[in-house]
Amino acid sequence: MVKASAFLDRKLSRRFATYDDDGDGFIERTDFERSVDRLGEAFGHGLDSKPLSRLRELSLGLWEHLALVADVDRDSRISEAEYKSAFAAGLLETPESFDEGYVPFLDAIMDIADADGDGKLTRDEQVRWSGALMNLPEPDAREVFGRLDTDADGAVGRDEILESIREFYFDDDPRSAGSWLLGPLDAF
């Protein structure tokens with residue numbers, strides 16, 4: 001069992017809140033389904049869209065994995081305490097094992113959000129996908145984009161996003177782009 005730092009604990013609270021789509025204090029399968037549906041709507045993908053189907057498959061796989069390792073009372077929902085306990089028990093062991101699970105998920109998001117297929121997201125695309133999938137408020141999403149766009153070229157690539165996700169989970173530097181990935185942590 002690993003003890004999460006106080007800073008990671010705050011970040012995990014924030015991530016839990018983005019999963020909890022209906023705000024009822026629990027993560028449930030329907031939270032994952034609704035967020036994928038919203039992302040499809042935000043980018044004009046119907047239910048039969050192959051990229052959206054792939055993201056739905058990955059999202060529900062993530063739900064199943066979380067439920068398996070975190071839902072200790074087997075009530076088909078995960079509390080914030082259960083979610084954090086799963087992390088302390090080693091849900092994310094190393095950045096490499098995290099990449100194995102997260103790269104396909106990020107690729108599926110890029111297949112939906114990257115309208116021109118250039119491997120980069122514009123500010124608008126980043127704001128739309130993070131708002132639709134994680135309920136990130138637009139002002140926060142715009143701030144996040146500015147922090148992710150480290151070369152100030154007006155776009156963020158898959159590798160920049162992946163690095164910030166790694167930082168979110170594995171870096172305790174509050175100045176890192178990853179620490180801002182889901183907006184400010186003031187309330188968490």
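Predicted model: local features only at pLDDT ≥ 70, side-chain atom pairs only at ≥ 80, totals over all residues.

## Helix packing and the core

On the α6 side, the contact uses Arg123, Gln126, Val127 and Ser130, while α7 brings Glu138, Ala141, Arg142, Val144, Phe145, Gly146 and Leu148. Sorted by class, five of the residues in this contact are nonpolar, three are polar and three are charged.

Another pair to look at is α2 with α3. Helix α2 covers residues 29-42 and helix α3 covers residues 50-70; their axes come within 9 Å and cross at roughly 160°. Angles over 145 degrees count as roughly antiparallel, and α2 and α3 are therefore roughly antiparallel to each other. Their crossing is right-handed. From α2, the residues Arg29, Phe32, Glu33, Val36, Asp37, Leu39 and Gly40 meet a set in α3 that includes Leu52, Leu55, Arg56, Trp63 and Leu66. Nine nonpolar, two polar and five charged residues make up this contact.

Here are the two pairs together:

| Helix pair | Axis separation | Angle | Residue classes in the contact |
|---|---|---|---|
| α2 and α3 | within 9 Å | roughly 160° | nine nonpolar, two polar, five charged |

Now for the interior. In soluble globular proteins, nonpolar side chains tend to be buried together. Which residues touch the most other members of the largest nonpolar core? They are Tyr83 and Trp129, in a core of 51 residues. Elements giving two or more residues to this core include α1 (6-19), α4 (80-88), α5 (95-113) and α8 (158-170). The largest share, ten residues, comes from α5.

Beyond its neighbours within four places in sequence, Tyr83 is in contact with Leu12, Arg15, Phe16, Tyr19, Ile27, Leu66, Ala70, Ile78 and Tyr169.

Finally, is Leu182 buried or exposed? This residue, found in the segment after α8, has 3% relative accessibility and so counts as buried. Setting aside neighbours within four places in sequence, Leu182 is in contact with Arg14, Arg15, Thr18, Met134, Leu136 and Phe168. The C-alpha atoms of Leu182 and Ala141 are separated by 7.6 Å, although the two residues are 41 apart along the chain.

Methods. Residues numbered from 1 in each chain as written. Heavy atoms only, no water. Axes fitted to C-alpha atoms, helices over the stretch in contact; angles between N-to-C directions. Helix = DSSP H or I, 4+ residues; strand = E, 2+ residues; numbered from the N terminus. Parallel < 35°, antiparallel > 145°, perpendicular 65-115°, else oblique. Left-handed = near helix turned anticlockwise from the far one by under 90°. Contact = heavy atoms within 4.5 Å. Nonpolar A, V, L, I, M, F, W, Y, C, P; charged D, E, K, R; others polar. Core = buried A, V, L, I, M, F, W, Y, C linked by side-chain atoms within 4.5 Å. Buried < 20%, exposed > 50% of the residue type's maximum accessible area, 1.4 Å probe, protein only.
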